[in-house]
Amino acid sequence: MEHIKELLYKMADDLLVIGHRNSEWTGLGPILEEDIAFSSMAQDKIGHSQALFQILHELGEPEPDTNAFMREAKQFHNAQFLELQNDDYDFSTIRHFLFDHADQLRFDNLANSSYEPLAKVARKIKGELKYHVFHADIWLNKLGNGNEQSHARMQTALNNAWNYALGMFEKGDYEAQLIADNIFEGEQSLQNRWLSVITPIIEKANLKIPAEKDWEPILGGRKGYHTENLEQLVTEMSEVFRIEPGAEW
Amino acid sequence: MITEKEIWSALEVVKDPEIPTLSMVDMGIITKVEVRGESNVYVEMTPTFTGCPAIKMMENMVAERLKEIGIETIQVTTTFDKPWNSNKLTERGLMCLKKHGLAPPPKHEGEITMELLEHSVCPHCGSKNTDMKTPFGPTLCRSMHYCNDCLQAFEQFKPVV
């Protein structure tokens, strides 16, 4: 089951970490609707991660809250992309766009996984993600085609995000087995589909994907190598839980 | 011995904690009722949204109701075996939403498109001349809209596949 655990951990950690980052917009969104949007997506992402942690628990791992809040940063398997600070709304929106399309395509694929407990959850989650992707597409288009300043800021954010985003498709040790057992299509196939979906949307927003010769995926997150941002995030996220682990709130 | 039909009708009074006009049965989130013996009932539920924070509370409400009608051994669990989608709302459920001032979700054909979301029917005046302002609302299951005819904001219970 180690191959399935590897897949579940990286996904659950991606979702938990981006869920926490999304929640940091609560109360700070540039307009009320965006405050609500990022807060709602935070709730969805954390709910999705909880469903995956629940499957892990059924495979013998700690129960979801303990697993989410009692590990150290170096035990997390999220891509580094997701732990980066929100920075400004431009970077948050670009990350939301790049991650959510990958997330949608991943769950679409997993809905047909041969591992039924994951397929069942994926069939539910993929429908909910439609709204995340709609939201991202609307804002990418609005800001990319907005005024000179919004366009320039979105392009800069895209340039800064790109190599981190490619790091989402870092392969794990069990990649070949996951593919052979029809559990997951594999990161390379997912990345190819992701590129073909996002390219026309980025072009329509009048933005440019960095030239392919400059693509250098930032790897390591899946193996527990992280930026200092994750430690800060984990400390803050788990602060209350660690006061009294196991308490009923 | 109590029948499954009697359990279903007893559960009709258990309402959604966020939409008090709507029963959980009409919402379509109770997916299985089994009488497993004398005074022994098993109920399966499924959330509208995976991250719905009300699901534990709703499990407890179902268990409380079963206790009220005298069931002694009660098991209520949440599963994704038969995942919820918005077409599972009953006709009466759709009416209840409207009564609560929410636009009911349009029936979908297995896919949610921008077109489906864009021109929902205003629950106040029935106009289709409306815009979606944002796909996210006060709870995960609602989006926010504006009616260009009666000039009022309204919420829609989101269609979900």
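How many residues does the contact take from chain B, and how many from chain A? Keep that in mind as you explore these close-ups of a predicted model.

**View 1. Chain B meets chain A.** Welcome to the place where the two chains touch: the contact takes 17 residues from chain B and 21 residues from chain A. On the side of chain B that touches chain A, 10 residues are nonpolar, five are polar and two are charged.

**View 2. Helix 2 of chain A from end to end.** Here you can follow helix 2 of chain A through its 27 residues, 32-58. From the first C-alpha to the last, helix 2 reaches 39 Å, close to the 39 Å expected at 1.5 Å a residue.

**View 3. Helix 1 beside helix 2 in chain A.** In this view, helix 1 (residues 2-23) and helix 2 of chain A have axes that come within 8 Å and cross at roughly 155°. Because of that angle, helix 1 of chain A is roughly antiparallel to helix 2 of chain A. The crossing of these two helices is left-handed. Helix 1 of chain A brings residues including A:L8, A:A12, A:L15 and A:G19 to the contact, while helix 2 of chain A brings, among others, A:M41, A:I46, A:L52 and A:F53. By class, this contact between helix 1 and helix 2 of chain A has 15 nonpolar, six polar and two charged residues.

**View 4. Helix 6 beside helix 2 in chain A.** Helix 2 of chain A also meets helix 6 of chain A, residues 116-144; their axes come within 11 Å and cross at roughly 170°. The two helices are therefore roughly antiparallel to each other, and their crossing is left-handed. To find the contact, look for residues such as A:A37, A:D44, A:A51 and A:E58 in helix 2 of chain A, and for A:P117, A:V121, A:E128 and A:H135, among others, in helix 6 of chain A. The residues of this contact between helix 2 and helix 6 of chain A divide into eight nonpolar, three polar and three charged.

**View 5. Two loop residues with a positive phi.** Start with A:N182, in the loop between helix 8 (175-180) and helix 9 (187-204) of chain A. A:N182 is not a glycine, yet its phi is positive, about 55°. Is A:N182 buried or exposed? A:N182 is exposed, as 11 other C-beta atoms lie within 10 Å. Now move to chain B, where B:S39 sits in the loop between strand 1 (30-37) and strand 2 (40-45). B:S39 is a residue other than glycine, and its phi also has a positive value, near 55°. With 14 C-beta neighbours inside 10 Å, B:S39 counts as partly exposed.

View 6. A:Q177 belongs to helix 8 of chain A and is partly exposed, with 15 other C-beta atoms within 10 Å. In sequence, A:Q177 and A:I4 are 173 residues apart, but in space they are 9.4 Å apart, C-alpha to C-alpha. For another pair, turn to A:N160 in helix 7 (residues 148-166) of chain A. A:N160 is partly exposed, with 17 other C-beta atoms within 10 Å. A:P210 is 50 residues from A:N160 along the chain, and 9.5 Å separates their C-alpha atoms.

Terms used. Residues are numbered from 1 along each chain as its sequence is written. Chains are lettered from A and ligands numbered from 1 in the order in which they are written. This is a predicted model: local features need pLDDT of at least 70, side-chain atom pairs count only at pLDDT 80 or more; totals for chains, interfaces and linings use all residues. Helices (H or I, at least four residues) and strands (E, at least two) are DSSP runs, numbered from the N terminus. The expected span of a helix is 1.5 Å times one less than its number of residues. Two residues are in contact if their C-beta atoms, placed from the backbone, lie within 7 Å. Ala, Val, Leu, Ile, Met, Phe, Trp, Tyr, Cys and Pro count as nonpolar, Asp, Glu, Lys and Arg as charged, and the others, Gly among them, as polar. Axes are lines fitted to C-alpha atoms, for helices over the stretch in contact, and angles run from 0 to 180 degrees between N-to-C directions. Angles under 35 degrees count as roughly parallel, over 145 as roughly antiparallel, 65 to 115 as roughly perpendicular and the rest as oblique. A crossing is left-handed if the near helix is turned anticlockwise from the far one by less than a right angle, and right-handed if clockwise. A residue is buried if 20 or more other C-beta atoms lie within 10 Å of its own, exposed if 12 or fewer, and partly exposed in between; C-beta atoms are placed from the backbone.
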